Amino acid sequence: MRVFKQKYRDRKGKKRETRKWYVEFKDHTETTRRLPGFTDKKITEELGRRIEKLVAVRVLGNAPDPELARWLESLP
């Protein structure tokens, strides 16, 4: 898992960083995925850890533990 801020060039050609942090991870098919997180790095890191747990559950074919299941149900 990698947590980072993306860099881009604005209309004037100046290098900028996004406000949000991004999470990059490999899913159950070993495909690299990138999701936008939050403006707070610690909260985005927690999101990444939970996504990694979810991927691990999918790989093993197990049911998610109660805490992870509650988190999944609370997502919009």
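Contact means heavy atoms within 4.5 Å. The model used in these exercises is predicted.

**Exercise 1.** Find where Thr18 lies and which residues Thr18 touches, not counting residues up to four places away in sequence.

*Solution.* Start with the chain. Thr18 sits in the loop that links strand E3 (15–17) and strand E4 (22–26). Next, list the contacts. With residues up to four places away in sequence left out, Thr18 touches Lys5, Gln6 and Tyr8. The Thr18 side chain reaches the backbone oxygen of Lys20 at 2.9 Å.

**Exercise 2.** Decide whether Thr18 is buried or exposed.

*Solution.* Take the cut-off: buried means under 20% relative accessible area. Thr18 has 17% relative accessibility, so Thr18 counts as buried.

**Exercise 3.** Check the span of helix H1 (residues 41–60) against 1.5 Å a residue.

*Solution.* The expected span is 1.5 Å times one less than the number of residues. H1 has 20 residues, so H1 should span 28 Å. The end C-alpha atoms of H1 are 29 Å apart, which agrees. Now look at both ends. At the start of H1, a side-chain oxygen of Asp40 comes to within 3.1 Å of the backbone nitrogen of Lys42. Gly61 follows H1, and the phi of Gly61 is positive, near 80°.

**Exercise 4.** Describe how H1 and H2 pack.

*Solution.* Finish with the residues. On the H1 side, Leu47, Arg50, Ile51, Lys53, Leu54 and Val57 meet Glu67, Leu68, Trp71 and Leu72 of H2.

Conventions
Residues numbered from 1 in each chain as written. Predicted model: local features only at pLDDT ≥ 70, side-chain atom pairs only at ≥ 80, totals over all residues. Heavy atoms only, no water. Helix = DSSP H or I, 4+ residues; strand = E, 2+ residues; numbered from the N terminus. Buried < 20%, exposed > 50% of the residue type's maximum accessible area, 1.4 Å probe, protein only. Polar contact = N/O pair within 3.5 Å; in protein donor to acceptor, adjacent residues only side chain to side chain. Axes fitted to C-alpha atoms, helices over the stretch in contact; angles between N-to-C directions.
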